[in-house]
Amino acid sequence: MTVDLAIVGAGPAGMAAAVEARALGLSVLVADENAAPGGQVFRAAEAAADDPAVAPDIAPGLPLIDAFRHCGAAYRPATTLWHLDPADGVLSLSSAGAAETIAARRIILATGAQERPVPIPGWTLPGVMGAGAAQILLKSAGAVPAGQIVLAGQGPLVWLLAVQLARAGAPPLVLETRRGGVAASLIRAAGGLWAGRRMLAKGLSLMAEARRAGLRIVPAVRGLRAEGNGRVERVAWDGGSAPCDTLLLHEGVIPATQISRAIGLDHDWDAAQSCWRPVTGPFGATALDRVALAGDGAGIGGWEAAAAAGRLAGLDAARRLGAIAEDAFAARAAAPLAARATALALRPFLDAVYAPARDLLTPTDDTIACRCEEVTAGAVRAAARLGATGPNQLKAYLRCGMGPCQGRICAPTVAALIAETRGLPPDAVPPLRPRAPYKPLSVGLLAATAESLQHRSE
């Protein structure tokens, strides 16, 4: 199968790109790992539209999902991209144990964000998970953890999830780890506060709702740790502790760059968000002729910025493929360019006020840094002292990045530990370079893919 445009990801960016490209006559295929469109922010939005716990927050995404459903794009849910050849535009996909290859004239990666890992003592105990995982359960199944829930961390998602859990009848104890000063962050925001006033008002309303719900909020938490015998039983911090059946951790999100790094795209260090982000042009184009990026996978901005970026990437694909003239492109791009600028206006403030603390990025020696292979932070520091200069070189010493997660969880922590040990700035330690397959797959599926490729060449 050959299409004009293949899009990986059906979140706000991927859906918006598909709608825009289809409106200009391109044939479009969208592959997404989830069972329904929406991405993380609007996960299961259609099914959960009447759930009072999440309905107010997913309602804005329903018109976009409806437009995507009716735009005429070929939609492949529950489908994983495990290899991409950017030179030939061939995507290797897997779904329900079957393999398929798709050729595309243009490719947009709209793979979104992932939670920043939070390696604290005890974070591998059963009952400790990322806040995003709990939100997935809430949205997709209406399920909440039993017993005492503790939500620890910082960022807009902490307040959103705290309120959603409270609405669902499971109010958590909130341990806020924020250290960024509001006054200094306001200075950095400058004129962005006015342009981003709607988003700021939403954040303030969530905080007010949390307090009206009677949530206990502990500010300025330090020394966070999970404790228990066989599973988490309590959470402790400097100067306090509380019983705990489920501990939810969150320190913001970072771009999901597994695929963009694997295909060799350049990445820049984003000092404001303490993460790597792919190098893209104003419309998402990259140094690879066929490949563009859109949404949080190209830099964290939130769903409205992602949707605007998706529209721009879809328009740019149509322009490059000859479906729209330059003057018409400029006219159609004006609105999403303005929308993206408005959506990003508050980012300097959010980046400053929710900047991750250094000690959360570089945990103590006895803390597990690599969950898959149970490698401690101390072992990573020892390898750095022996000569490991980055996560890629570390594989000669330890198995970090070689487990099932393929470095998605451990790589940011490993890189920060190496930089700390060697006395380097974070951007001096290159990121882990993943390889295909991007997700684990069976030998049988690989064989089926080889057979499919052979048939294509005959």
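Strand E17 (residues 267–270) and strand E18 (residues 275–278) pair in the antiparallel sense, with four bridges between them. The model described here is a predicted one. Together E17 and E18 make a hairpin in which four residues lie between the strands.

**The hairpin of E17 and E18**
- Within the pair, Asp268 has Arg277 in E18 as its bridge partner.
- In the turn of the hairpin, Ser274 has a positive phi of about 50°.

**The parallel sheet**
- Strands of a sheet pair through backbone hydrogen bonds, and the pairing is either parallel or antiparallel.
- Five strands, in the order E8-E15-E9-E10-E11, make up an open sheet with parallel pairing.
- Strand E8 (128–130) and strand E11 (217–218) are at the edges of this sheet; each has a single partner strand, so one side of each is left without a neighbour in the sheet.
- Inside the order, strand E9 (residues 149–154) pairs with strand E15 (residues 246–251) in the parallel sense over six bridges.
- Gly153 is placed opposite His250 in E15.
- Helix H5 (residues 156–167) packs on the sheet and touches E9, strand E10 (173–176), E11 and E15.
- The direction of H5 makes about 160° with that of E9.

**The antiparallel sheet**
- A further open sheet consists of three strands in the order E12-E13-E14, and its pairing is antiparallel.
- Strand E12 (225–227) and strand E14 (240–243) take the edge positions; because each has a single partner strand, one side of each is left without a neighbour in the sheet.
- On average, neighbouring strands of this sheet are turned by 25° against each other, direction ignored.
- Strand E13 (residues 234–237) is joined to E14 by four bridges, and the two run antiparallel.
- Ala236 has Ser241 in E14 as its bridge partner.

**The packing of H4 and H5**
- Two packed helices are described by the angle between their axes and the distance between the axes.
- For helix H4 (residues 131–141) and H5, the axes come within 11 Å and cross at roughly 40°.
- This crossing of H4 and H5 is left-handed.
- On the H4 side, the residues in contact are Ala131, Gly132, Ala134, Gln135 and Leu138.
- On the H5 side, they meet Leu157, Leu160, Leu161, Gln164 and Leu165.
- Sorted by class, the contact of H4 with H5 has seven nonpolar residues, three polar residues and no charged ones.

**An annotated span**
- An unreviewed UniProt entry carries the annotation "domain: BFD-like [2Fe-2S]-binding" for residues 370–420.
- In the model, residues 370–420 are 47% helix and 6% strand, and the end C-alpha atoms of this span lie 17 Å apart.

**Backbone angles in loops**
- The peptide bond from Ala436 to Pro437 is cis, with omega near 0°.
- Pro437 belongs to the loop between helix H16 (411–422) and helix H17 (443–457).
- Ala44 has a phi near 50°, which is a positive value in a residue other than glycine.
- The loop that holds Ala44 runs between strand E2 (28–31) and helix H2 (55–58).

Terms used: Residues numbered from 1 in each chain as written. Predicted model: local features only at pLDDT ≥ 70, side-chain atom pairs only at ≥ 80, totals over all residues. Heavy atoms only, no water. Pairing = 2+ DSSP bridges. Contact = heavy atoms within 4.5 Å. Axes fitted to C-alpha atoms, helices over the stretch in contact; angles between N-to-C directions. Left-handed = near helix turned anticlockwise from the far one by under 90°. Nonpolar A, V, L, I, M, F, W, Y, C, P; charged D, E, K, R; others polar. UniProt positions renumbered as here; feature names shortened; annotations may be inferred.
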